[in-house]
Amino acid sequence: MKKFAPLLILIAGVLWGSMGLFVRTLNGQGLASMEIVGLRAAVTTVALFLFLLLFDRKLFHIRLKDLWCFLGTGICSIVFFNFCYFKAITMTSLSVAAILLYTAPAIVMVLSYFLFREKLTKRKLLALGMTFIGCVLVTGILSETGSVSAGGILVGMGAGLGYALYSIFSRYALEKGYASLTITFYTFLIAAIASCFLTDMGKVAQVTTDGAGNLLFCLAFGVLCTVAPYLTYTLGLQYVENGKASIIASIEPVTATLLGVILFHENLTFSGALGIVLVLVALVLCNDSKANDA
């Protein structure tokens, strides 16, 4: 499994990269940012509950003293991160929201250095720098002069902080022996409960059940953009350092850009193509087993 851990994290990044497509559609149907957070958390919780109920009920067991780990992943990360990210998508462009979100790898790397004694190697720092520059080029933020408000920047950076905290809190849960399924289930159970106090879940239910098409769309949003990527990311995190994992997951904005080109015929500029190359090279640097400690 260790051999495939980076691939699992890469898959998570690709699936997360498709999230903007769902968010824009749901926002167009009248759901606000926090309501989309609640929908995502609720669908994920129900799907994982049914899966664990049928296949491995032992994974429901957690120790009360470890509840803080799941409060961290559920509220400090998922609720806070998703609200900020979805709000940033509505306040700015998808590209600006994505690049602000990807302040997360730097935050993860610094926090992991102090909390888990992960090495800040030259290779990691080089990969981090290439990733950030690549994301800037991919999203085309440099060409969007004067279009980003101070509020949009602050909300986007809040998304980066919340995103980073998932790696931190889930690492603690992994070290306490919890399976990735357990971590993901309780993360979204707590996020769903918290969302009930912060949004109109009746409106969420109304949109979700407004025809079979809407129901399938919401289920796809929960499974493809949440259940699958969080499971693969958390599983991969057992074998990959936090800092490296966050850089590998930076394939997300590249995926979002390519989806825009393929599905919506958006233009891919030279700088965007160069950015994609830089991110891919950074991924190779992170996974060069012959020089992991350089």
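**Helices, a buried lysine and cysteines in a predicted model**

Helix α1 comprises 12 residues (residues 5–16), and at 1.5 Å a residue these should span 16 Å, which agrees with the 17 Å that separates its end C-alpha atoms; the expected span is taken as 1.5 Å times one less than the number of residues, and helices are DSSP runs of H or I of at least four residues, numbered from the N terminus. Seen down the axis of α1, the buried residues fall within an arc of 140°, so they line one face of the helix, the arc being that of the directions from the helix axis to the C-beta atoms. These buried residues are A5, L8, I9, A12, G13 and W16, where buried denotes under 20% relative accessible area, exposed over 50%, and partly exposed in between, with a 1.4 Å probe and protein chains only.

The model is predicted, so that local features need pLDDT of at least 70 and side-chain atom pairs count only at pLDDT 80 or more, whereas totals for chains, interfaces and linings use all residues. Residues are numbered from 1 along each chain as its sequence is written, and side-chain values use heavy atoms, with hydrogens and water left out.

In helix α10 (residues 201–208), the residues V204, V207 and T208 are buried. Seen down the axis of α10, these buried residues fall within an arc of 100°, so they line one face of the helix. The buried residues of α10 pack against α3 (33–55) and α11 (212–236), contact being defined by heavy atoms within 4.5 Å. At the start of α10, a side-chain oxygen of D200 reaches to within 3.1 Å of the backbone nitrogen of G202.

Helix α7 (residues 122–139) contains K124, which counts as buried because its relative accessibility is 3%. The side chain of K124 makes a polar contact with the side chain of E241 at 2.5 Å, and the K124 side chain also reaches the backbone oxygen of K119 at 2.7 Å; a polar contact is a pair of N or O atoms within 3.5 Å, of which, within protein, one must be able to donate a hydrogen and the other to accept it, while residues adjacent in sequence count only if both atoms are side-chain atoms. Leaving aside neighbours within four places in sequence, K124 is in contact with M109, E118, K119, E241, K244 and I247.

The structure holds 0 disulfides, a disulfide being a pair of cysteine sulfur atoms within 2.5 Å. C76 is in no disulfide, and the nearest cysteine sulfur, that of C69, is 11 Å away; at 35% relative accessibility, C76 counts as partly exposed. The sulfur of C225 lies 11 Å from the closest cysteine sulfur, in C218, which is too far for a bond, and C225 counts as buried at 0% relative accessibility.

Methods
Helix = DSSP H or I, 4+ residues; strand = E, 2+ residues; numbered from the N terminus.
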